[in-house]
Amino acid sequence: MRSISILGIVLAVVIGSSTAYADRKQVRYVGIHPVAKSEGGGICYIEGPHVHVFGADKVQYRDHAGANYFVGDPVAYGYDGPKFTYKGHHPIHVNVVVGDDNDDVEYCYLDGPHFHYFAPPEGPEFRIVGDAYFYVAEPPAAYVDARPAMISINAVYRPLVYTRPVVTIEAPIGWIGARVDLGGPAVVVERPGAAVIVPSGGIRVDAEVRIPMPSVHVDIGIGSGPVFIGGGGGEGRGHGKHKKHKRR
Amino acid sequence: MRHPILLTMIAGLAGLVAIAGLGCGKADDKPASGGGAGGSGTARDALVEAWKKAGLTPSPMTPATVSFGKDCQSGTVNNVDVIVCVYPSDADAKAAEQAGLEWVGSTTGAAWSKGGVLVSAADRRKTDPSGRTINQLMKLSP
């Protein structure tokens, strides 16, 4: 009798677990993105629409026509394909990246230098200085509105250890990272005046700035100046026409 | 007297027109049918051939009975399960994409259509954790 009970329990566990597997719901993705640690980690290189049976968070992913689109830095998760260096926040023309007709502009809120696997569309909203892309256009309300919530993506990346791009070149005039009007409430400077360089005709101030929650790194650059850039580079994808902005 | 070279050119041109006429189908051309396992010259065969040329290793495709298509064959490519269904029109193939995703089941996969051909790929054996094979399959679709 006891052995029958044990057999029953074992069968229940086996059947239960297989049912749980069979019931794992498909989650839609589009574009390259990290694979959940529970599924082995690493990167999924499927560029078109596809499905997995693991979920996506709401900070590193945005909805694109019902699919999860990754807006973070794939290099942090082991991506080894062509990559492009960006500095600071910027829009992502998702439909251009994934190559469909669903107009969609999302925003990357990663502070400082980071990578993406695509270049931005050609046009006036980005300036490439050295090898890095800087967003220099007037940010739309959609960007500003979502900023307080989405900027928390930096808390995800701060502890990640990987080779980040190094950008020491002067930011171009109009760069979003120098916009004090987008700084948010109650800014507290923790390390004021960490670096003040006065190159020929320009001023550059780097400071670690923290708002109550979450924290951000703000680079303030005025004027022009010399210098260099490292990391990144790029060949590959990207470019295309500008699309409408999506408000969330 | 007519120039012999001119006559030769006219004859050649007429021949080309005749050959082109033979090659043209009716205006209501449909996507090529699968033509059965091992058939040649079909959309499905062309697809499998493209996969081979790209260095992938497709298994022989065998007829498959599924609810979302009458002309379907399945097999594997680099141990990723695939099913390729041929439909009378692009719209029919497009309409079957959701069913193609359901065929994938509880694993990583994709379903896409082009030119009246639906392809579903499912990594049921977990042999493509980076998705590179599925990505290649997608990109090689005609």
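**Reading a two-chain model**

Reader: Where is B:Asp128 found?

Author: B:Asp128 is in the loop between strand 5 (117–122) and helix 5 (132–139) of chain B. Helices (H or I, at least four residues) and strands (E, at least two) are DSSP runs, numbered from the N terminus. Remember that this is a predicted model, in which local features need pLDDT of at least 70, side-chain atom pairs count only at pLDDT 80 or more, and totals for chains, interfaces and linings use all residues. As for bookkeeping, residues are numbered from 1 along each chain as its sequence is written, chains are lettered from A and ligands numbered from 1 in the order in which they are written, and side-chain values use heavy atoms, with hydrogens and water left out.

Reader: How do I read the charge on B:Asp128, and which side chain of opposite charge is nearest?

Author: Start with the rules: Lys and Arg count as positive and Asp and Glu as negative, while His and the chain ends are not counted. A salt bridge needs a side-chain nitrogen of Lys or Arg within 4 Å of a carboxyl oxygen of Asp or Glu. "Buried" means under 20% relative accessible area, "exposed" over 50%, and "partly exposed" in between (1.4 Å probe, protein chains only). Now the case: B:Asp128 is buried but has no salt bridge, and the nearest side chain of opposite charge, B:Arg132, is 7.0 Å away.

Reader: So what does the side chain of B:Asp128 reach?

Author: The backbone nitrogen of B:Thr133, at 3.1 Å. Beyond its neighbours within four places in sequence, B:Asp128 is in contact (heavy atoms within 4.5 Å) with B:Val80, B:Asp123, B:Thr133 and B:Ile134.

Reader: And B:Arg132, which residue does it form a salt bridge with?

Author: With A:Asp80, across in the other chain; their closest N and O atoms are 3.1 Å apart. The rule finds two salt bridges across the interface of chain B and chain A. It also finds 12 residue pairs in polar contact there, both at pLDDT 80 or more. A polar contact is a pair of N or O atoms within 3.5 Å; within protein, one must be able to donate a hydrogen and the other to accept it, and residues adjacent in sequence count only if both atoms are side-chain atoms.

Reader: Which elements of chain B give two or more residues to that side?

Author: Helix 4, strand 4 (109–114) and helix 5 of chain B. Helix 5 gives the largest share, five residues.

Reader: How many residues are in contact, and what is the area buried between the chains?

Author: 18 residues of chain B are in contact with 20 residues of chain A. The buried area, meaning the accessible area (1.4 Å probe) that two parts lose on being put together, summed over both, is about 1,400 Å², and carbon and sulfur atoms give 45% of it. In chain B, the residues losing the most area to chain A are B:Leu101, B:Ser106 and B:Arg132, together 33% of what that side buries.

Reader: Is B:Leu101 buried or exposed?

Author: B:Leu101 has a relative accessible area of 8%, so it counts as buried. Its place is in helix 4 (residues 97–104) of chain B. Leaving aside neighbours within four places in sequence, its contacts are A:Gln26, A:Arg28, A:Val51, B:Ala110, B:Ala111 and B:Ser120.

Reader: What about nonpolar cores: which residues touch the most other members of the largest one?

Author: A nonpolar core is a set of buried Ala, Val, Leu, Ile, Met, Phe, Trp, Tyr and Cys residues joined through side-chain atoms within 4.5 Å. The largest has 70 residues, and A:Tyr69, A:Ile92, A:Phe134, B:Trp51 and B:Leu137 touch the most other members. A second, separate core of 15 residues includes B:Leu101, B:Val104, B:Ala111 and B:Leu118.

Reader: Which loop holds B:Asn79, and what is its phi?

Author: Most residues other than glycine have a negative phi. B:Asn79 is not a glycine, yet its phi is positive, about 70 degrees. B:Asn79 lies in the loop between strand 2 (69–77) and strand 3 (80–86) of chain B, and with a relative accessible area of 42% it is partly exposed. B:Lys126 also has a positive phi, of about 55 degrees, without being a glycine; its loop runs between strand 5 and helix 5 of chain B.

Reader: Last one: how many helices and strands does each chain have?

Author: Chain B has five helices and five strands, running α-α-β-β-β-α-α-β-β-α from the N terminus. Chain A has four helices and 15 strands. Buried residues make up 43% of the 142 residues in chain B and 46% of the 248 residues in chain A.
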